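Reader: I'm new to this one. Could you walk me through how to read it?

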Amino acid sequence: MRALVLTGPGKAEVQEVEPPVAAPGQVVVDVERAGVCGTDLELFTGEMSYLHTGRSWYPLRPGHEWCGRVSGVGEGVDPSWLGRRVTGDTMLGCGRCERCRTGRHHVCAELSEIGISLGRAGALAERLAVPVTALHALPDGMDLTLGALVEPGGNALRAVHGAGLRPGERLLVLGTGTIGLLAALFARSQGVEVHLLGRDLDGLRLARSLGFTGTWTRPSLPELRWDAVIDASNAPELPALALDLVEPAGRVVYIGLAGTPSTLDTRALLLKDVTAVGILGGSAGLAGTIAAYADGSVDARPLVAATIGLAETADVLAGHRPAGAGPGPKIHIDPRR
């Protein structure tokens with residue numbers, strides 16, 4: 001089968017590789033759609049910290065945002081999974097430790113991540129092997145675009161839950177990338193008043209087209225009460241800004257990752273009595289994301305700018321936007337093209 005392989009920093013190619021076989025407790029999925037994520041870009045460039053700590057290494061097969069149909073099941077797996085359209089959790093714990101047993105497998109000491117760490121092959125390929133325990137079934141009517149947006153949606157939904165807002169309260173989202181826009185969509189669906197802060201007016205154009213009227217750059221940001229702030233940016237200075245802007249006794253959610261360390265004054269955190277929440281992975285938000293997509297309360301499809309073939313993925317990782325791409329921040333891959 002064909003799969004995208006990262007062979008070194010800045011090097012990616014489509015290779016013919018052996019197709020996966022479903023081991024006991026696993027299924028094989030025919031991948032129908034996969035998304036390109038910022039993590040994939042960092043793995044491609046060599047900037048991803050895992051490459052320097054030994055959690056990831058080349059050659060590496062990326063891709064952790066996906067959907068497809070189950071085409072094979074291993075020993076011990078219910079055969080009713082065959083033919084079902086599914087997506088799955090990226091974060092795979094050992095399943096034995098206390099963290100896994102209490103629903104915190106995403107911070108398991110033996111965690112491996114599909115398409116990211118410890119040699120787990122990813123979904124930018126024609127087929128993917130996945131533990132059945134990681135699967136989430138998709139409704140028959142859900143299209144492929146939404147199916148492959150479940151994983152980033154789970155991250156964004158967890159961020160919104162972390163903000164802990166009630167209907168009518170006000171949220172400021174820093175960043176207008178995929179996670180920032182998804183968080184804004186989920187929060188709005190829950191009755192929250194949502195505002196977004198972007199780098200420039202061009203970056204806010206898609207947010208406005210999605211019906212958000214509170215779209216600001218730093219100079220234009222009004223002095224309003226921000227009951228919670230979600231930092232979904234990759235700018236090292238914005239975690240401190242989020243703390244500065246949030247209402248005393250409010251909540252700041254950190255889901256963005258900067259390429260360099262951020263400085264945060266914990267005295268301000270304490271003196272403002274602010275709750276800070278860190279979000280790693282979408283595991284606990286996947287089911288809620290599927291439900292919101294299925295009932296139409298969140299439509300994330302405008303965030304996808306283009307769907308291209310596997311052979312074009314290396315160009316996207318190198319920073320080239322596909323010809324004719326729309327304004328959305330997300331690029332999807334059809335591995336069978």
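Author: Let's go from the overall fold to the annotated parts. This is a predicted model, where local features need pLDDT of at least 70, side-chain atom pairs count only at pLDDT 80 or more, and totals for chains, interfaces and linings use all residues. Residues are numbered from 1 along each chain as its sequence is written, and side-chain values use heavy atoms, leaving out hydrogens and water.

Reader: How many helices and strands does the protein chain have?

Author: Helices (H or I, at least four residues) and strands (E, at least two) are DSSP runs, numbered from the N terminus. Here the protein chain has 11 helices and 17 strands. Its radius of gyration is 20 Å, close to the 20 Å from the globule rule for 337 residues, so the chain is as compact as a globular protein of that length. That radius is taken over C-alpha atoms, and the rule is 2.2 Å times the number of residues to the power 0.38.

Reader: What percentage of the residues is buried?

Author: Buried means under 20% relative accessible area, exposed over 50%, and partly exposed in between (1.4 Å probe, protein chains only). In this chain, 53% of the 337 residues are buried.

Reader: Which stretches does UniProt annotate as domains?

Author: UniProt positions use the numbering here, with shortened feature names, and annotations may be inferred rather than shown by experiment. An unreviewed UniProt entry puts "domain: Alcohol dehydrogenase-like N-terminal" at residues 24-140, a span that is 14% helix and 31% strand. For "domain: Alcohol dehydrogenase-like C-terminal", the unreviewed entry lists residues 179-283, which are 32% helix and 26% strand.
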